[in-house]
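Subject: Structure handover

Hi,

Here is the structure I said I would pass on to you. Have it open while you read, and click on the residues as they come up.

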Amino acid sequence: MGIEAWYMDRSDEDQRKPHRLKPNQPVSLDELKKLGVFYWKLNADIYETDPELEKIRKEQGYSYMDIITIHKDTLPDYEKKLKMFFEEHLHLDDEIRYILDGQAYFDVRDKEDRWIRIAMSKGDLITLPAGIYHRFTLDETNYTKAMRLFVGEPVWKAYNRPADDFDIRQKYVASLQGS
């Protein structure tokens with residue numbers, strides 16, 4: 001089974017809850033692709049030797065990799081970091097994450113500025129395009145282990161919204177016009 005995505009409700013309830021609309025409004029992988037979001041399902045049990053992951057890394061130029069475990073017992077400043085990850089922001093480079101264990105959510109904005117929640121679990125690899133507004137949070141299990149991939153040296157800088165003046169944001173918005 002692949003990832004599941006849906007339009008979010010506007011509730012201020014705990015960010016780790018699913019926040020589905022009633023009735024649920026699912027979002028397909030094709031709809032995510034139109035936003036520049038791409039997905040692969042891999043075998044996380046063999047991530048260290050997985051030829052499929054190696055092929056993706058080569059094709060996409062993902063030369064840098066590290067692993068982060070997000071849990072209160074392993075991540076320094078856990079609460080502060082979770083709050084920071086959940087701030088709406090963009091990056092000047094693509095964001096690539098591969099869930100090796102646990103579960104988490106990425107929220108992305110659609111063309112009408114509505115939130116789409118993407119539920120990720122073990123084996124899910126996702127790329128978010130440079131310039132897309134997004135945020136990240138754990139689900140109610142409060143745990144995920146993820147591989148972070150980059151083209152070249154990692155750039156950790158996030159630009160909180162509003163960041164519409166960045167060239168990369170304008171380029172991203174322009175790329176949506178035809179879809």
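Below is what turned up, going from the annotated site to the helices and then to the aromatic rings.

One thing before you start: this is a predicted model.

**The annotated site**

Let's begin with the record. UniProt, in an unreviewed entry, lists H89, H91, E95 and H134 under "binding site". These residues are spread over 46 residues of sequence, yet they cluster in space, with a largest C-alpha distance of 11.5 Å. If you look at the largest pocket, its lining includes H89, H91, E95 and H134.

H91 lies in the loop between strand 5 and strand 6. Is H91 buried or exposed? With a relative accessible area of 14%, H91 is buried, because the cut-off for buried is under 20%. Leaving aside residues up to four places away in sequence, H91 touches A130, G131, H134, K157, A158 and I168.

E95 belongs to strand 6. Its relative accessible area is 8%, so E95 counts as buried too. With residues up to four places away in sequence again left out, the contacts of E95 are H89, F106, I126, T127, L128 and H134. Notice that H134 is on the contact list of H91 and also on that of E95.

**Three helices, each with a buried side**

Start with helix 2 (residues 51-60), where the buried residues are L53, I56 and R57. Why do we say that they line one face of the helix? Seen down the axis, the buried residues of helix 2 fall within an arc of 100 degrees, so they line one face. On the other side of helix 2 you will find P51, K55, K58 and E59, which are exposed. The buried residues are covered by several strands, including strand 3 (38-41), strand 4 (64-70), strand 6, strand 8 (124-128) and strand 10 (144-150).

Helix 3 (residues 78-86) can be read in a similar way. Its buried residues are Y78, L82, F85 and F86. They cover an arc of only 95 degrees around the axis, which puts them on the same side of helix 3. K80 and K83 are exposed on the other side. What do the buried residues of helix 3 pack against? Their partners are strand 4, strand 5, strand 6, strand 7 (115-121) and strand 9 (134-138).

Then there is helix 4 (residues 167-176), with R169, Y172 and L176 as its buried residues. Down the axis of helix 4, these fall within an arc of 65 degrees, so they line one face of the helix. The face turned away from that buried side carries the exposed residues D167 and K171. The buried residues of helix 4 pack against helix 1 (29-34) and strand 5 (89-90).

**An exposed loop residue**

For a contrast, find V151, in the loop between strand 10 and strand 11 (159-160). V151 is exposed, with a relative accessible area of 56%. V151 and R57 are 94 residues apart in sequence, but 9.0 Å apart in space, C-alpha to C-alpha. V151 touches Q60, G61, Y62 and S63, not counting residues up to four places away in sequence.

**Aromatic rings**

How many aromatic pairs does a search of the whole structure find? The search finds six. One to look at is W6 with Y105: the ring centres are 6.1 Å apart and the planes are at 85 degrees, so the pair is edge-to-face. It links distant parts of the chain, since W6 is in strand 1 (residues 4-7) and Y105 is in strand 6 (residues 95-109), 99 residues apart. W6 and Y105 are both buried.

Y105 has another neighbour to check. The charged end of R117 sits over the ring of Y105, 4.2 Å from its centre. Finally, ring pairs link Y64, F150 and W156 into a cluster.

Have a click around and tell me how you get on.

Cheers

Definitions and conventions: Residues are numbered from 1 along each chain as its sequence is written. This is a predicted model: local features need pLDDT of at least 70, side-chain atom pairs count only at pLDDT 80 or more; totals for chains, interfaces and linings use all residues. Side-chain values use heavy atoms; hydrogens and water are left out. Rings of Phe, Tyr and Trp (its six-membered ring) pair if their centres lie within 6.5 Å; planes under 30 degrees apart count as stacked, over 60 as edge-to-face and the rest as tilted. Helices (H or I, at least four residues) and strands (E, at least two) are DSSP runs, numbered from the N terminus. Buried means under 20% relative accessible area, exposed over 50%, partly exposed in between (1.4 Å probe, protein chains only). A charge sits over a ring if NZ of Lys or CZ of Arg is within 6 Å of the ring centre and within 35 degrees of the ring normal. The arc is that of the directions from the helix axis to the C-beta atoms. Contact means heavy atoms within 4.5 Å. UniProt positions are given in the numbering used here, feature names are shortened, and annotations may be inferred rather than shown by experiment. On a 1 Å grid over the protein atoms alone, a cavity is a set of points where a 1.4 Å probe fits but cannot get out, and a pocket is an open set with protein on both sides within 12 Å along at least five of seven lines; lining residues have an atom within 4 Å of a point.
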